[in-house]
Amino acid sequence: MPIQFQGVMQEHQCVRDGVGIFDVSHMGEIEIRGPSARDLIQKLMTNDIDSMQDNQALYTLMCLKTGGVVDDLLVHRFSENHYFLCVNAANTEKDFAWILKNAGSCDATIRNTSSETAQFAVQGKHSEALLQKLCETSLNEIKYYHFKKAKIHNFESIIARTGYTGEDGFEIYIDADHAEPVFRAILDAGKEFDLQSIGLGARDTLRMEMGYALYGNEINENSKPLEAGLGWVIKLGKQDFIGKAELEKQKHAGNRRKLVGIRLLDRGVLRPHYRILKNGAPIGELTSGTFSPSLNTGIGLCYVSSEYAEPGTELEVEIRKLSVPAEVVKPPFLPARVKKN
Amino acid sequence: MEVPKDLLYTLEHEWIRVDGKNAVIGITHFAQEQLGDIVFVELPEVGSELEKESPFGVVESVKTVSDLYAPASGKITKVNKELETNPEQVNNEPYGAGWIVEIELSDEQGLESLLDPDAYNEQCEKEQE
């Protein structure tokens, strides 16, 4: 996936105003099936797998015993005994090894299907109308964070109403052998909607405007997911799972730090690792930073001590040795427009 | 790729248009294309001194940050304030409305080491390989 095709700004706007397609085939897929599949996934994940229905997707973390994050991912449930995970590309091998190690001798088959699976994200308000041209199944019936097995351009696929942009949209999983004809068919069907290919640059500006965490930036094996604001996917009320004891302890102790949004008050661009200052004294460092095409200024994410976490708190960002005024924002930086039933 | 014949160039992809003691400086078509969408330009102060080959400002695209290097020494007489609100002019018209600073040259001798249009064209072709 290249950084850009037509240009980051234009591609960003294309997704916000119409529809864009991302070839995210680099993402990893892991299939888990068998009588113990559910118990295994429930043990590995912080979110509550037992709450899932068939054809539902769920965002979750997979944690170490220390509470650090192995990966953030989506679980898709075909049936009680059959699931597939969509994981971060760079973590695929690590995740697969971690799952195998923790599966031990349990009765489940675990397969890394990444190399045989292609994935396209079609995102933006015209995504449903566009894809409907290629599907007989009614896409209108697929609710947010649900999916269907359906034919697209006559090839079997999984069509999920999920995404990483804050717009309504779909993620399509398909056999890698059928990827090319399907991609071409989508491009062709998309002409009337001015569909464009979107690169990694706009993928990042789109997710940043939503304040979505990116593995490797906001979360990693040393981070505390409760500080990252991910408590909503950590269900401490469910049965035991890896990391539960430590996360309970952290929750009880309370958050010393919090991940907040940072927005420049004047025009500028934020970058990862820029230092955040309060009255000239360093209080943190950006985990992500970019330029928001929608807000026309720099936005970023940063862990700060709870006393500075209140939205509206005025801070400074050190940009090339200058202190530039900024304020704390509660993400998302702009409202999401996903289709919530 | 556009390389106007009446300009001189640096290896870092700045151009300079010399008119007697005065000169206008910007970045080239090649440079803006490599950077992508320019969203911020940090300009120096009018009255400050430029030193040949030293950084005097910054252009930022969504993707990256790039220093501006002075093609010649001199005193800044004007900066393109328009770029504070419309930095995309550097993409749209790198040799026109996207100019960055105007200077009064302190040393015309220094211009001899700059690239002429043909040499600059060659340089760009090399970098594109």
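Q: Which residues does Asn112(A) touch, beyond those up to four places away in sequence?
A: Asn112(A) touches Ile30(A), Thr92(A) and Phe96(A). Keep in mind that this is a predicted model.

Q: What makes these count as contacts?
A: Two residues are in contact if their C-beta atoms lie within 7 Å. Ile30(A), Thr92(A) and Phe96(A) are listed as touching Asn112(A) on that basis.

Q: Why is Asn112(A) called buried?
A: The cut-off is 20 or more other C-beta atoms within 10 Å. Asn112(A) has 20 other C-beta atoms within 10 Å, so it is buried.

Q: Where does Asn112(A) sit, and how far is its C-alpha atom from that of Asp95(A)?
A: Asn112(A) is in strand β6 of chain A, residues 109-112.

Q: What is the order of the five-strand open sheet in chain A?
A: The order is β3-β4-β5-β2-β6 (chain A), and the pairing is antiparallel.

Q: Why are β3 and β6 of chain A said to stand at the edges?
A: Each has a single partner strand, so one side of each is left without a neighbour in the sheet.

Q: Which strands does helix α2 of chain A lie across?
A: Helix α2 (residues 37-44) lies across β2, β3, β4 and β5 of chain A, and it runs at about 130° to β2(A).

Q: Which residues touch the most other members of the largest nonpolar core?
A: Those are Ile41(A), Val75(A), Phe120(A), Val122(A) and Ile262(A), in a core of 125 residues. Take Phe120(A): leaving aside its neighbours within four places in sequence, its contacts include Ile21(A), Phe22(A), Asp23(A) and Phe183(A).

Q: What makes chain B as compact as a globular protein of its length?
A: The globule rule gives 14 Å for 129 residues, and the radius of gyration of chain B is 13 Å, close to that value, so chain B is as compact as a globular protein of that length. Its C-alpha atoms fill a box of roughly 35 × 35 × 20 Å along the principal axes. Buried residues make up 43% of the chain.

Q: How many helices and strands does chain B have?
A: Chain B has four helices and nine strands.

Q: How do you know that β6(B) and β7(B) pair?
A: At least two bridges are needed, and five join β6(B) (residues 55-61) to β7(B), so they pair; the strands run antiparallel. Gly57(B) stands opposite Leu68(B) in β7(B). These strands belong to an open sheet of order β4-β6-β7 (chain B), with β4 and β7 as the edge strands.

Q: How many residues does each chain bring to the contact between chain A and chain B?
A: Eight residues come from chain B and 13 from chain A. On the chain B side, β4 and β6 of chain B are the elements that give two or more residues. That side divides into four nonpolar, one polar and three charged residues.

How values were computed. Residues numbered from 1 in each chain as written. Chains lettered and ligands numbered in written order. Predicted model: local features only at pLDDT ≥ 70, side-chain atom pairs only at ≥ 80, totals over all residues. Core = buried A, V, L, I, M, F, W, Y, C linked by C-beta atoms within 7 Å. Buried ≥ 20, exposed ≤ 12 C-beta atoms within 10 Å, placed from the backbone. Nonpolar A, V, L, I, M, F, W, Y, C, P; charged D, E, K, R; others polar. Rg over C-alpha atoms; globule rule 2.2 N^0.38 Å. Axes fitted to C-alpha atoms, helices over the stretch in contact; angles between N-to-C directions.
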